[in-house]
Amino acid sequence: MKKATALLLTMLLVLTLAACGTERSAYQSLPGEVAVGAPEMDNMESGASSTDTIQPEVTVPGEEIYADPDAKIIRTAEVTIQTLEFDQAVAQLAALTEANGGYYETAQVDSGSYFSSAPRRTAYYVVRIPRENFNAFRDGAEGVGHVYSYVENSRNVSESYYDTEARLETLEIKRERLLALLEQAEAMEDIISLENALSDVQYEIDQYTTTLRKYDSLIGYSTFTVHLDEVTRIQEEPGVQEGFGARLLASLQQGLADFGAGVESAVLWLARNLIALVLLAAIIAVAVVLAVRARRKRRTKKAAVREEKQP
């Protein structure tokens, strides 16, 4: 009886595990399956929905994945570039932007703090590039400097775009009908009512028109966020495929380089603050001497008092 019960429980457990495995596999995505949604206008520039994240060593997809002429795709990218020649890199980035028909939406250059021990210049750009030149600008960024990191986002807003377009067409037809009725209206009450309705319709038309213009701007011109960093040496991360030995050697070299940079910063800090440190040391030395003399005087006075008290 016990053996039969144990056998029955074992069979039930096997069936339960099999059912769980089947249910889990039913919810797994198929290879190459991509879920595309229609984001709201308030989230258009946040980059919260990313369809592909690309590292520099990974082959970047070409235009074939955006080949649908009716698809409304917003493409953005963020790239960090390291350079040993900062001024030259700034000029090259400007030339690359101009060559691809783009413009700077934001440009900011930071030359570093005056009191910094090792000032390094940095720059931040928001570059708008025509969508047909997206790949050309991306590939050309490698000529500006060492592309340390690259992240690309693409968002399909086709559903929201065409829905907004259809609503706008409906409102324009409604406006034409209201205008026709207004021309035929004779009673003052009807005229006022139709004018109020026209005002409401025109307000909605303006809103949808603004939305479509914003969509067209983001779709027609892709956005690149470029971080340009001046460095003393190019920092390259060892790849996993290079093996443990190569990565260990690279880590040791990185550690030595960081140690050397730390020593250099410390020496520069000492050199910059040498006068202040000397003055501080002199003040401390004088204070110590005065404290020692005062202590000796107190001891001498105490000794004289004890001698006077002795018979």
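User: In this predicted model, what span should the 14 residues of helix α2 have, and how far apart are its end C-alpha atoms?

Analyst: The model is a predicted one. Helix α2 runs over residues 86–99, and at 1.5 Å a residue its 14 residues should span 20 Å.

User: Which residues of α2 are buried, and within what arc do they fall?

Analyst: The buried residues of α2 are Phe86, Ala89, Leu93, Leu96 and Thr97. Seen down the helix axis, these buried residues line one face of α2, because they fall within an arc of 100°.

User: Why can residues three or four places apart in a helix point the same way?

Analyst: The reason lies in the geometry of the helix. Residues three or four places apart point the same way because an α-helix has 3.6 residues a turn.

User: Against which elements do the buried residues of α2 pack, and which residue with a positive phi follows the helix?

Analyst: The buried residues of α2 pack against the strands β1 (73–83), β2 (103–110), β3 (122–130) and β5 (221–230), and also against helix α3 (134–140). After α2 comes a residue whose phi is positive, near 70°, namely Gly101.

User: How many aromatic pairs does the structure hold, and how are the rings of Phe134 and Phe224 arranged?

Analyst: The structure holds six aromatic pairs. In the pair of Phe134 and Phe224, the ring centres are 4.7 Å apart and the planes lie at 35°, so the arrangement is tilted.

User: How many residues apart in sequence are the parts that the pair of Phe134 and Phe224 ties together?

Analyst: Phe134 belongs to helix α3, whereas Phe224 belongs to strand β5. The pair therefore ties together parts whose separation in sequence is 90 residues.

User: Are Phe134 and Phe224 buried or exposed?

Analyst: A residue counts as buried under 20% relative accessible area. Phe134 has a relative accessibility of 0%, so it counts as buried. Phe224, at 1% relative accessibility, likewise counts as buried.

User: How are the rings of Phe137 and Phe224 arranged, and which elements hold these residues?

Analyst: The rings of Phe137 and Phe224 have their centres 4.6 Å apart and their planes at 55°, so this pair is tilted. The pair ties together parts 87 residues apart in sequence, because Phe137 lies in helix α3 and Phe224 in strand β5.

User: Which residues form one aromatic cluster with Phe137?

Analyst: Phe137 is buried, with a relative accessible area of 1%. The residues that form one aromatic cluster with Phe137 are Phe134 and Phe224.

User: Over which rings do Lys72 and Arg75 lie?

Analyst: The charged end of Lys72 is 4.6 Å from the centre of a ring and sits over it; that ring belongs to Tyr161. Arg75 lies 3.8 Å from a ring centre, over the face of Phe134.

User: How many residues of β5 are buried, and in what sense does β5 pair with β1 and β3?

Analyst: Strand β5 is mostly covered, with seven of its 10 residues buried. With β3, strand β5 pairs in the antiparallel sense over nine bridges. With β1, strand β5 forms eight bridges, and the sense is parallel.

User: Which residue of β5 is the bridge partner of Ile81 and of Ala123?

Analyst: Ala123 has its bridge partner in β5, at Leu228. For Ile81, the bridge partner in β5 is Leu228.

User: How many residues of β3 are buried, and which residue of β3 is the bridge partner of Ala107?

Analyst: Strand β3 is largely enclosed by the rest of the structure, because seven of its nine residues are buried. β3 pairs with β2 in the antiparallel sense over seven bridges. Within β3, the bridge partner of Ala107 is Tyr125.

User: How many helices and strands does the chain hold, and what share of its residues is buried?

Analyst: The chain has seven helices and five strands. Among its 311 residues, the buried share is 23%.

Conventions. Residues numbered from 1 in each chain as written. Predicted model: local features only at pLDDT ≥ 70, side-chain atom pairs only at ≥ 80, totals over all residues. Heavy atoms only, no water. Helix = DSSP H or I, 4+ residues; strand = E, 2+ residues; numbered from the N terminus. Expected span 1.5 Å × (residues − 1). Buried < 20%, exposed > 50% of the residue type's maximum accessible area, 1.4 Å probe, protein only. Arc of directions from axis to C-beta. Contact = heavy atoms within 4.5 Å. Phe/Tyr/Trp six-rings, centres within 6.5 Å; stacked < 30°, edge-to-face > 60°. Lys NZ or Arg CZ within 6 Å of the ring centre and 35° of its normal. Pairing = 2+ DSSP bridges.
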